[in-house]
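Subject: Handover of a structure and the findings from it

Dear colleague,

Please find below the structure that I am handing over to you. My findings follow it, arranged by topic so that you may read them beside the model.

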Amino acid sequence: MSYLSDHPSNAAIGLAIPHESASLHVTGAALYTDDLLARIPGILHAHPVQAPHAHARVRRLDPSAALTVPGVVRVLTAADVPGLNDSGVKGDEPLFPAEVRYYGQAVCWVLGETLEAARIGAAAIAADGVDYEPLPAIITLREAIAAGSFQGAAQHVHRGDVDAALATSAHVFTGEIEFAGQEHFYLETQASIALVDESGQVLVHSSTQHPSETQGIVAHVLGVPDHAVTVQSLRMGGGFGGKEMQPHGFAAVAALGATLTGRPVRVRLTRPQDMSMTGKRHGFHATWRVGFDAEGHFTALDATLTSDGGWSLDLSEAVLARALCHVDNAYHLPHVSLHGRVAMTHKTSQTAFRGFGGPQGMLVIEDLLGRCAPQLGLAPDELRRRNLYTTGQSTPYGQEVRHADRLVRAWDTLSARARLEERRAEVAAFNAAHRHTKRGLAVTPVKFGISFNFTPLNQAGALVHVYKDGSVLINHGGTEMGQGLHTKMIQVAATALGVPLSRIRLAPTRTDKVPNTSATAASSGADLNGGAVKDACRQIRARLDGIEGGADLGWEDLVAKAYLERVQLWAAGYYRTEGLHWDSSSMQGAPFKYFAYGVAATEVEVDGFTGAYRTRRVDIVHDVGDSVSPLVDIGQIEGAFVQGAGWLTLEDLRWDESDGPTRGRVATQAASTYKLPSFSELPDVFNVTLLEHAYEEGAIYGSKAVGEPPLMLALSVREALRQAAAAFGPPGVSIDLASPATPEAVYWASELARSAVPADTTMAYAAELAPGNGSPGAPSLSGNGSGRTTQVTS
């Protein structure tokens, strides 16, 4: 499919143009789902009745109290569902549950003329209309593991003979890590508006990354065929994976209310509702054994990863599969045995989040390397570099690592541009001169597979219209959540048709224009939809090129002539990613079209009295192939890195794990209790460079995906913090660091380093000493990883 990557000279792709809606965003003129409220008369507002238990049986539900509230029109319950009372894809997510499975789950929804009326009606039901029978609740991963509480299929990636390789390894270490999830905190909360026309056709405006799946869920809840439901995604105020599966139930509530009342219905969650009712990034627990040879090369890795799936499966199996496929990150592992399982806990159903398990898998091996390097007598950067993939090697699941040389090239380019050798000496000199302030400088790589692990999802469609005046309208199956997908599609169409950017407009994503689309996820939005848009444009261009004398005409005249000659001026495009094969039962194959590579270096400074730190400098070299839209790509790299740093250092997601009445409640339900990255956490110096000479054959115009891979470059921040904390102790001390590495966690890690003696070769237990991780009198809240580890050396 070389035609896909070939492009003409003087093309619109590769231009550093602004986001197509940038001016609308900054002026406030951009419309989002809930902004349509003012344009729809007679709309009803929905409000949930949320359960005050993490696990309970609903013994009685009486909505009559709400119906006495002025302005309340109807209460939606399970008895109102004409189709299937389920909002998931696994059949395990009742829309109206008889058994509550997480704190804050909606047991019914109140419809009111105003949002206040609906809220008061919901409060009336909560106060006197529901009886619950509380049941035991599993909240933490460790509780789930101890109880054997698992769901879905166990998974195993295997290569070679791990036991034999470990038995002959020069060095063997064992360890354990537990780390928290992450709240999406998209600016626009979950929102849907549903209307029914005179023919019974249901139109749902939804803030969704997956309109076709939202369509399917709404249809089966209503008991109608898919063609009776149209879903439109105008644009999203952020998604990050949190709107891939989670919007379906809210859209179904709106659609059900609209069909029963004959009036438009709006569902829009408040921030606390969104944070208490929707899934997060999966937290993980992992145990491992690892072997190295005398030169510090990996010999074997045996690991078990357990993800916290929450109350239902959602996408947990797929997230776990990607985590297992990314434990290797950028390193060759000759012998591997990776086991994965999904825990069932009584928490929100954890879901897709930027990276989709890849960050969790990579964190396991990067944490492992950070701990083991001092024990091997090697600098962490050196240990990482000498284990990078080289040409001809393959992943543990059997896929060749093409262009592995780009990893080394990106590393060396970064080293030169960021003056790493000089700065390491500067950091060492600073640390020697400052007793109470230390710096750390760490380099970490990324190798991230691009494509959906589930092969059938790697397809897309598009519909391109050329009108008689030469203007062009594009419909495609991808959704815009601020990431710049629409901008890239305009550039692709302009290049394929050979017309100015100004002649092209994009229509909102709708299921009645392009059907059966995949989610805009897995960093594949530009690859898939770009392929479909180019295919449609190529068909149109071929017809125009066949017009006699057309080569001498301008675009508008050519189109006018084509219309008069009855030449078709629209086309449906289609694209499917070729060369993929994946056996989910054996976890072997080639599930990815290609790998995206990157390297980051981060320098931090830590205050030894408080653990407070600042990021002094970040340098990134990232492989995006031949960039379709460099300004968009650089923005994605910067944003992803900051979001990754938030997960690893600031965003301390916690649930109440006490035995009291609020057990299982999300304790961090707002920005007041959940710390997000802000301007003050940005690096003082932030340099992003796109890797040169990185053309990707067979991808749209030679480009590569950029949405997710840069997030994992933020692992360099955590590793720099580890090195800075270790600098408070004697040379060669190996320390553990909780995740997220909050200032508190960094302080306790620094204290442990200070208490170490040079002869001590035991890995430190920083997180075990930290308040909140089991120390006497600590608040009973879970979330930050224990980070416990032990070491065995042979």
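Which residues have the most contacts inside the largest nonpolar core? Before the answer, please note that this is a predicted model.

**The nonpolar cores**

The largest nonpolar core is made up of 105 residues. Within that core, the residues with the most contacts are Trp288, Val290, Phe292, Phe298, Leu305, Leu368 and Leu721. Apart from its neighbours within four places in sequence, Val290 is in contact with Leu166, His171, Val172, Phe173, Phe298, Ala300, Leu301, Leu368 and Cys372. There is also a second, separate core, which has 44 residues and includes Ala493, Ile504, Ala526 and Val559.

Cys372, one of the contacts of Val290, belongs to helix H11. Its relative accessibility is 0%, so Cys372 counts as buried. Cys372 and Ser734 are 362 residues apart in sequence, yet their C-alpha atoms are 7.3 Å apart in space.

**Two covered helices**

Helix H10 comprises residues 316-324 and is mostly covered, with eight of its nine residues buried. The buried residues are Ser316, Glu317, Val319, Leu320, Ala321, Arg322, Ala323 and Leu324. What lies over them? The cover includes the strands E7 (150-159), E13 (284-292), E14 (298-308), E15 (335-343) and E16 (437-450), together with helix H11 (358-376).

Helix H16 runs over residues 525-545 and has 21 residues. From its first C-alpha to its last, H16 reaches 29 Å, close to the 30 Å expected at 1.5 Å a residue. H16 is mostly covered as well, since 15 of its 21 residues are buried.

Arg543 is located in H16 and, at 25% relative accessibility, counts as partly exposed. Beyond its neighbours within four places in sequence, Arg543 is in contact with Val567, Gln568, Trp570 and Ala571. By contrast, 46 Å separates the C-alpha atoms of Arg543 and Ser585, which are 42 residues apart along the chain.

Ser518 lies in the loop between strand E20 (509-510) and H16. With a relative accessible area of 9%, Ser518 is buried. Residues up to four places away in sequence aside, Ser518 touches His210, Phe452, Leu457, Gln459 and Gly477. Ser518 and Gly478 are 40 residues apart in sequence, and the distance between their C-alpha atoms is 7.9 Å.

**A pair of helices in contact**

Two packed helices are described by the angle between their axes and the distance between the axes. The axes of helix H18 (residues 630-649) and helix H19 (residues 715-726) come within 8 Å and cross at roughly 45 degrees. H18 and H19 are therefore oblique to each other. On the H18 side, Phe641, Ala645, Leu648 and Thr649 take part, and they meet Leu715, Ser716, Val717, Arg718 and Leu721 in H19. The residues of this contact divide into six nonpolar, two polar and one charged.

**Arg417 at helix H13**

Arg417 is placed in helix H13 (residues 405-417). Its relative accessibility of 47% makes Arg417 partly exposed. When residues up to four places away in sequence are not counted, Arg417 touches Arg617, Thr689 and Glu692. Arg417 and Val621 are 204 residues apart in sequence, and 9.3 Å apart in space from C-alpha to C-alpha.

**Backbone features to inspect**

Most residues other than glycine have a negative phi, and most peptide bonds are trans. The following places depart from that pattern.

- Phe185 is not a glycine, but its phi is positive, at about 45 degrees. Phe185 is in the loop between strand E8 (171-179) and strand E9 (191-196), and it counts as buried at 15% relative accessibility.
- His693 likewise has a positive phi, near 55 degrees. His693 is found in the loop between strand E27 (685-690) and H19. Is His693 buried or exposed? Its relative accessible area is 72%, so His693 is exposed.
- Ser739 and Pro740 are joined by a cis peptide bond, with omega about 10 degrees. Pro740 sits in the loop between H19 and helix H20 (743-755).

Yours sincerely,
A colleague

How values were computed. Residues numbered from 1 in each chain as written. Predicted model: local features only at pLDDT ≥ 70, side-chain atom pairs only at ≥ 80, totals over all residues. Heavy atoms only, no water. Core = buried A, V, L, I, M, F, W, Y, C linked by side-chain atoms within 4.5 Å. Buried < 20%, exposed > 50% of the residue type's maximum accessible area, 1.4 Å probe, protein only. Contact = heavy atoms within 4.5 Å. Axes fitted to C-alpha atoms, helices over the stretch in contact; angles between N-to-C directions. Helix = DSSP H or I, 4+ residues; strand = E, 2+ residues; numbered from the N terminus. Parallel < 35°, antiparallel > 145°, perpendicular 65-115°, else oblique. Nonpolar A, V, L, I, M, F, W, Y, C, P; charged D, E, K, R; others polar. Expected span 1.5 Å × (residues − 1).
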